[in-house]
Amino acid sequence: MRSRAAIRIRQVGIRKSVVVYVLLGLYALAILLPLLIMYNSSLRSTNELFSAPLALATTPKFENYQEVLLGNNFFLFLANSVIITGGAMLLNIGLSTTAAYALARYKFKVTGTLYALFLLGLMVPLRLASLPLFILMRDMGLMDTRIALVLVYAAWRFGFSILILYGFFYTLPANLEDAGRIDGANEFQLFRRVMLPLARPGLVIAVIYNAVPVWNDFFFPLIFLRSSQKSPLPLAVANFFGEHSVQWGPLFAFLGLSILPIVLLYLAMSRYFIRGMLAGTFR
Amino acid sequence: MNLSQGWERIATSRRLAFTVFILPGTIVFLGLVIYPVFSSFSYSLYSWDGLQREAFIGFENFRTIFVSDKPISTVFWNAVSHNAYALIFVVGVQTTLGFVLGLMLFQGLPGTKFFRALVFLPVTLSIVVVGFLFNLLLHPTWGAINHFIRLFGDPEFSFPWLGDPATAFTTILIINVWRWAGFPALIFLSGLNNIPRSVLDAAELDGVTGPQRVAWIYLPLIVPQLLTVLILTITGNLRMFDIVYSLAGPTGGPNYSTDVLGTLFYRTAFGGITGLADKGLGATIGIVIVVMSAVLSLIVTRALQNKRVTLEG
Amino acid sequence: MKKTMTVLAILLLPAFVFAGGQEEAGDEGGGQQEADAVTIDVWSWRTEDVEEYEMFFDTFEENHPNINVEFRAVKNDEYNTVLATALEGDQGPDVMQLRAYGGLQRYTDFLLPIGDKVEGLSDFSDSSLASATGREDGNVYGVPFANQVLGVYYNKDIFEEHGVSEPDNWSEFIELMDTLEENDVTPLANGGQAAWMLEIMFGAIGPNFYGGNDFYEEVTDGDTTFTDERFVEALDRMNDLSEYMPSGYMGIDYATMQANFFTEQAAMFIGGSFEAAFFQEQNPDLDIGVFPAPAPEELDEPYIGTWADGSYGVNAETEHQEEALQLVQFMASQEFGTMFTNSLSQISPIPGVEADPNEVPVLAQFTSMTAEYPTTPYIMLVGFRWDQPTGSVALQNSLQGMLQGDLTPEEVAEEVQGQVESWYEPFQD
C-alpha cells in the first residue's frame, strides 16, 4: 500500500504533489474550521462565548446538549423529519426512476417535450405556488398532515431526480436491453432485473442531492402544519432561535445536532455517492 | 381474456409499458408543480388590493417592473444587476475553483478519497447553520476572520464584512462558493476520469504538458460536464434566495446592496413583516425568474453543443 | 450498502421510540379536556412568549370549561405569509394576532368588526385603538395588547464609575459620550446591520429635532415633505451618533448589540420598552436606568416616541364566534392586562393596568416617562406603512446608507420622500 502511494507520488512529481497537498489541505481546513468552531462553541457557556469567542472548550459544558435533547422534544422533531424526508424520498425515487427510465429508453414523440417540461421544475419558484398548493391540500383533506409535505417535496424535487437518473439510464448500453429481451423478459422485468440494479449509484446521488434541501426546509411545514407535534427539526431550530436568540451555547448545540443526521447519511453513503458522481451522473 | 393475459399484453407492449412507467410521476408533477405554479402566474395579469384580486390589467405589472418610475422598478433593476454580478462571479470563481479542485483530485494522490468526500460536505449543511455560523465568523470584533487578520496585521482591525455595502454581497458570494464549489469539482473529476488513457498517453508522447495539456486536452474533453455545471449554476443563481435571506435579511441589506431577484420576489409576493404583499408584482417577478433561467440555459446549451468533442466518432 | 443501512437504522431507532412515547403523552393531555369542548385556535408571532400565553389561556379555560384554547406561534418573519395563506384558503385561526396600523389593513376583509362587541374596548385610548382600526371603514378590528415606548437605556455602574449622569439635553449627551470615549468605554451599544433598529434609534432621537407632533401632522397631511429642513436636521443628528457606536458598527446585528449592552461592554443602548425584560433576564445583576432621548436646549421637554404593537382580532368566518369573542373579551380585561404586564414585562394598553415597579423597574420608568413628557407617534409605522415601499423600509435602508457614509442626510430625506410619494396620496397633489 505504502509503496503504491509512493509510486503515485513519484509519477506525479514530488514538487507538484507537495503543492497539491498544501492546496487541498488549506481547502479542507476552510471547510472544516467553521464546523469545528461550531462544535467547540456548543460546549461552552454563553458568557464564555461573549468574553472569549474563539477559546477552546477546556471544560466542556455538556449541559448545552442536555438542555436541547431533553427540553425541546428533540427526538419527536427528529422523527418527524425522518418520516417527512424519508417518505418524500421514497415517493420521489419511485416516481422519478420509472419516469426517467421511460424517457431515456423509449423513444416516442412526447419524450422530448416531457423531459423539457420536467426540467422546468428546476427553475420554478415553488414558494409562489403556496396558495394553490394550500387549497389543493385542503380539498384533499390533507391539512396539518405530514403526508401533504411528503407529496409537495416529492413533486418539488421530481425534476432534479429526472435530470440525474435520465443521464444514468441513457448511458446504459443497448445490448443489455436486447439480451434481456432475447431471454424473454417483458418490459417490467427488464426494468427491474436488468436496468434498475445498474442505476443504483444514480439513486444514491438523487437521494442525497434531494434529501438535503428537503430536510432543511422550514417554509412548507409552516404553511401546511398547524400542530407543533408534527414539526420537523428545522422548524424547531427556527423557533428555538426566536426563543433563545442570545443563548448561544445551547443554540450551537441545537444547530450542531440538527445537521448531524443528514451529514451522517452523506458520510455513510459517500462511497456510493462519489462512485456515482464519477460515473458521470451530471453531463 | 383473463387478467394475467391483459397484464402480459401491457408488459410486452412498449407503448403501454412506457405509459405505465411515466404516468404516475407525470400526474404528481403536473398536479403539484406545474398546475399550482402556472395558476399563480396568472396573478401577474391582475391588480391586487392586498389579498383581494381587483381588475384584469394585462401586462401592466410587467411594464411597472421593467420601465416605470416606481420604486419597485429601481429595486428590480438593482436586483437584476446583483444577479448578473453574482453570475459572473460564481461562474468565474466557483467554476474555476471547482475545475482546479477537480484537477488536483484527478492526480490520484494517496488520500484523495478523503478529500473527495470532504469537498461535498458543505452542500449537506442547512442554510440556517451556514447563515448563523458565518454571521459570527465575520463579526467585526468577535469573529474568527477579523481575529486572524488582527493576529497577522493591524491589531485594531475590525471590518464589518456583511455590514458594509461595498463588501457585503461579495462576501455572501464567497460563502456561496464555500458551500458549492465541491459540486462542480466532482462533476469535472468525473469528466477527467472518463478521458481515455490512450488520449493522455498520446499527449504525453507529443510533449503536451502543463497548461497546454489543460487547455488542449482536458478542457475540450469535459465540455459536457462544463455544460452541466453552467446550467446548474445559472438556474441556481437565479433561484438564489436562502443564502441572502439568512445572511442579509429579506430586504437584502445593508441598503439593498445584496438584494437579488429571489429576495425581491419573496418580499413582494408575501410582504415580509409588514405583510404588504403585492401578489401581482410578486408573480411577475416569479415569471421573470423562470423565463430568464430557461433562456440563459438554452443559450449556454446551444453555444457549447457545437464545441462538444466526441471521441467515439 | 446493507451495513450502512443497518448503521443508519440503529442511529434513527431512538428517534422513533422517543417520538412514540411523547406523542402518547400529548394525547393524554388532550384527553383531559371536556368531551364537548369547543377549540379556539389562536395564532401569534410571539415565539418568545409561548409559555406565558399558555398560562394566560389556562386561566381563561378554568373559567370557561367549554372552551379549549390552542395557541400557535409562528416565526415573526413568516407570520404574515402563513396567516395570509391560511385565511385565503379558508382555514384561518379563530383568533389571531394582528399587526398595527398599515399592517392590519390587508386583513380587514377577513376580520369581524368588534368595536361594539367587546365590552370596555371603547375605554382604550384613541391612539391605541387607532392601531386596530380599518383605514377605510373606521371599524375597530382588534383588542390592542401592548404599547411600546422609546428611550435610552444606560448602565448605572458605568455611569457612576466615570462620574457622569443622565443628560438633560443634547449637548450634555454628546459631552457625556465624549467623556466615556476618553475613558475607553464604548458609549453606544447600537449597530447598523439590523436595519429596523436604525429606525428605532431614529424614532427615539428624531422627534426632538424635527419637532414632534407638529411635523407629524404637517407631513401626514401632505403640508410638508420629508425633505423639510427639520427632518434633515434630525437625520443629521442621528448621523452624529455613528462615531459613538462600536468599531465595525455596520456589522453588528441585533443579538450582538443587545449583548454589547447586557455584558456591560457598552454604556448605553438606544431602544424601546420591549427590551426591558430581556436585559434584566440576561443579566440580573445589571443595574440599568432609562432616560428620554435628549432634546436640544431650546426645547423645554423631550418628545417620547410611542406606538401600539398590535392587537388580537376575530376571524369573520369562525365557526365559534361566541367563544372567540369571549376570548378577546378576556384579553381586554384588567385581569389579562395585569398578567400580561407582569409576566411578559410589556406595557399593557388596557385602562387601569400598571406595571409593577418591583418586577421590572425600568418598565415602570418607561411608563412614567410617557406621563411626564409629551408623546409622539413613531412616525413611519404609525403614519406611512399603508403601502409598498413603506416609509419604514425606505427610511431603514437609506439610514444604513447614511451611517455607512454613502448617503448624506439630504439624500436620505430625498430617497424617503421619493419612495413614499410613489403611493402616498397627500404627497401627490
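Which residues are buried in H8(A)? In this predicted model, they are A:Arg146, A:Ala148, A:Leu149, A:Val150, A:Leu151, A:Val152, A:Tyr153, A:Ala154, A:Ala155 and A:Trp156. A residue is buried if 20 or more other C-beta atoms lie within 10 Å of its own, exposed if 12 or fewer, and partly exposed in between, with C-beta atoms placed from the backbone. Local features need pLDDT of at least 70 and side-chain atom pairs count only at pLDDT 80 or more, while totals for chains, interfaces and linings use all residues of the predicted model. Residues are numbered from 1 along each chain as its sequence is written, and chains are lettered from A and ligands numbered from 1 in the order in which they are written.

Helices (H or I, at least four residues) and strands (E, at least two) are DSSP runs, numbered from the N terminus. The cover over the buried residues of H8(A) includes H5 (74-105), H7 (130-139), H9 (158-171), H12 (200-216) and H13 (219-224) of chain A. H2 of chain B also takes part. Beyond residues up to four places away in sequence, A:Val152 touches A:Leu133, A:Phe220 and B:Leu32. A:Val152 also belongs to the largest nonpolar core, which has 309 residues. A nonpolar core is a set of buried Ala, Val, Leu, Ile, Met, Phe, Trp, Tyr and Cys residues joined through C-beta atoms within 7 Å. A:Val152, C:Met268 and C:Val328 touch the most other members of this core. H5(A) supplies the largest share of the core, 16 residues.

Chain A has 15 helices and zero strands. Its radius of gyration (over C-alpha atoms) is 24 Å, well over the 19 Å from the globule rule for 283 residues, so chain A is more spread out than a compact globule. That rule is 2.2 Å times the number of residues to the power 0.38. The C-alpha atoms of chain A fill a box of roughly 70 × 65 × 30 Å along the principal axes. Of the 283 residues in chain A, 49% are buried. Among contacts in chain A with a separation of 6 or more, 79% join residues 24 or more positions apart. Two residues are in contact if their C-beta atoms, placed from the backbone, lie within 7 Å.

Chains A and B share an interface. In it, 66 residues of chain B are in contact with 69 residues of chain A. Helix H2 (residues 14-41) of chain B gives the most to the chain B side, with 17 residues.

In strand S8 (residues 304-314) of chain C, 11 of 11 residues are buried. S8(C) is joined to S3 (residues 95-99) of chain C by five bridges, antiparallel. It also pairs with S4 (residues 142-155) of chain C over seven bridges, again antiparallel. C:Gly310 stands opposite C:Arg99 and is the bridge partner of C:Ala146. With S9 (residues 375-377) of chain C, S8(C) pairs in the parallel sense over three bridges. There, C:Ile304 has C:Thr375 as its bridge partner.

Strand S1 (residues 38-44) of chain C has five of its seven residues buried, so S1(C) is largely enclosed by the rest of the structure. Seven bridges join S1(C) to the parallel strand S2 (residues 67-73) of chain C. S1(C) also pairs with S3(C), in the parallel sense, over two bridges. C:Val42 stands opposite C:Phe71 in S2(C) and opposite C:Val95 in S3(C).

How values were computed:
Two strands pair if DSSP finds at least two bridges between them.
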